[in-house]
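Subject: Structure handover

Dear colleague,

I am passing on the structure that we talked about, together with notes on what came out of it. Please open it first and keep it beside you while you read.

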Amino acid sequence: MESVSAMDSSAPALIFYARNDALGDGLLRIPALRAARTAFPQSRVVYGAMRGSSLSHVLHKHVAHLVDDFRTKTPLSAILAEFAQRGRKAIVVDLRTGVPGLMLTALRLAGRGIRYEANFAGHLLSLRWGTRLTLRPEHNAWRYHRLVERLAGRHLPFDHRLDVPDAARALARQLRGGCGRPLVLLGGNAHGRKCMSEDQVVAVAGNLIDAGYRVLYLATPGSGPAPPALLAREGRLQVAGPELAPDIASFDDLLLALGEMAVAYIGMEGGLAHLMAAVMTPAVIVNNGANMERWRPLSNAVEVVTAPRRGRSANVADAPVEAILDAAHRLLATGRRDHMAAAAVPERRETAPVQSASDRTADLP
């Protein structure tokens with residue numbers, strides 16, 4: 001990293017601040033960070049969080065060229081004291097939610113010469129004289145990206161995709177071997193009510209294997225079905241876990257490479273689903289009640305199966321196997337993918353793979 005003194009002192013320090021970033025949260029921040037680096041190339045970009053952030057460890061390699069400093073588990077006041085001393089230009093992009101807290105922060109920054117762009121609903125409380133009202137896009141990734149566009153005063157490229165190292169592609173090809181059957185990935189591990197059950201994984205895998213697909217279970221960190229138990233019940237199933245890669249970062253790259261070559265991913269709403277969307281893997285998402293307008297994987301080839309509620313909550317494990325399989329076969333029958341395999345595409349697109357009509361037509365200040 002460059003030292004603070006090596007940056008353009010006339011450019012404002014750009015400070016992003018979040019509450020906490022799990023894997024999915026971090027992935028949805030990346031388009032906004034790319035847009036910020038494009039719009040403010042001379043600024044020092046600082047990413048902070050009240051607690052931890054996947055951007056500072058698991059996803060660090062994907063954003064190291066975008067973020068100059070990380071300050072996780074650090075109060076915003078301490079970050080401002082370090083990077084936004086009195087008289088120095090600074091911009092704060094507050095990704096947190098909760099109107100009372102955002103209003104209190106805005107009041108504390110008033111009079112300090114710091115521009116504050118906060119995640120207020122509809123941007124109503126961050127409007128400025130002479131700007132036109134813009135509705136906040138429903139999807140979280142577009143909301144964060146729009147905050148940066150408002151700062152820049154222009155449209156900026158939206159790109160959520162991740163690069164896959166050639167070494168990971170080679171490892172994925174080795175794992176796949178010479179099998180010519182289409183590859184389907186299954187993910188059942190998560191935390192809390194997001195875990196798939198052993199019965200669900202075995203039933204879905206057996207049906208798809210009978211239909212001519214090669215099924216690979218991704219044994220990612222978290223609780224969920226144990227691979228030995230799955231293999232004891234469905235011996236044709238294959239398992240890929242962290243032990244196949246030199247380290248956890250390389251395992252994430254292997255997952256991306258497998259997603260590139262797979263015809264579908266079937267799993268829960270969460271970080272792994274967003275990771276698959278970063279290489280445009282068609283997906284069946286089993287949802288336990290998340291707002292899919294805000295948390296939908298950024299791919300145009302997604303089927304959603306919502307688990308039935310028990311009172312105010314829902315468990316992924318309660319989703320009927322028949323509904324998951326119906327969605328899987330619909331998705332597989334279309335054979336649709338947003339773009340060709342990454343290895344066959346020499347350059348990135350600058351267009352956004354998921355964009356609502358309101359996103360395309362909304363005015364910018």
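The largest pocket has a lining of 28 residues, and those nearest its centre are Ala22, Leu23, Gly24, Gly271 and Leu272. Two or more lining residues come from each of α1 (23–39), α9 (248–261), β9 (264–268) and α10 (271–277), with α10 giving the largest share, five residues. The space in this pocket is about 800 Å³, and its lining comprises 15 nonpolar, nine polar and four charged residues.

Before going further, please note that this is a predicted model, in which local features need pLDDT of at least 70 and side-chain atom pairs count only at pLDDT 80 or more, while totals for chains, interfaces and linings use all residues. Residues are numbered from 1 along each chain as its sequence is written, and side-chain values use heavy atoms, with hydrogens and water left out.

On a 1 Å grid over the protein atoms alone, a cavity is a set of points where a 1.4 Å probe fits but cannot get out, whereas a pocket is an open set with protein on both sides within 12 Å along at least five of seven lines; lining residues have an atom within 4 Å of a point. A volume is the space filled by probe spheres set on the points, which are joined across faces, edges and corners. For the classes, Ala, Val, Leu, Ile, Met, Phe, Trp, Tyr, Cys and Pro are nonpolar, Asp, Glu, Lys and Arg are charged, and the others, Gly among them, are polar.

The search of the whole structure also turned up one cavity of 30 Å³ or more, and the volume of the largest cavity is about 60 Å³. Its lining is made of Leu27, Leu28, His160, His274, Ala277, Ala278 and Leu298, of which five are nonpolar, two polar and none charged. Both α1 and α10 supply at least two residues of that lining.

As for the protein in general, there are 13 helices and 13 strands, taken as DSSP runs numbered from the N terminus (helices H or I, at least four residues; strands E, at least two). Of its 365 residues, 52% are buried, that is, under 20% relative accessible area with a 1.4 Å probe and protein chains only.

Helix α5 (residues 140–152) has 13 residues and should span 18 Å at 1.5 Å a residue, which agrees with the 19 Å between its end C-alpha atoms; the expected span is 1.5 Å times one less than the number of residues. Twelve of the 13 residues of α5 are buried, including Trp142, Tyr144 and Glu149. Just after α5, glycine 153 has a positive phi of about 75°.

Two loop residues may also be worth a look. Serine 43, in the loop between α1 and β2 (45–49), counts as buried because its relative accessibility is 1%, and its C-alpha atom is 5.2 Å from that of alanine 11, although the two are 32 residues apart along the chain. Threonine 220, in the loop between β7 (214–218) and α8 (227–233), is buried, with a relative accessible area of 11%. Setting aside neighbours within four places in sequence, threonine 220 is in contact (heavy atoms within 4.5 Å) with Asn189, Phe251, Leu255 and Leu272.

With best wishes

Conventions:
Buried < 20%, exposed > 50% of the residue type's maximum accessible area, 1.4 Å probe, protein only.
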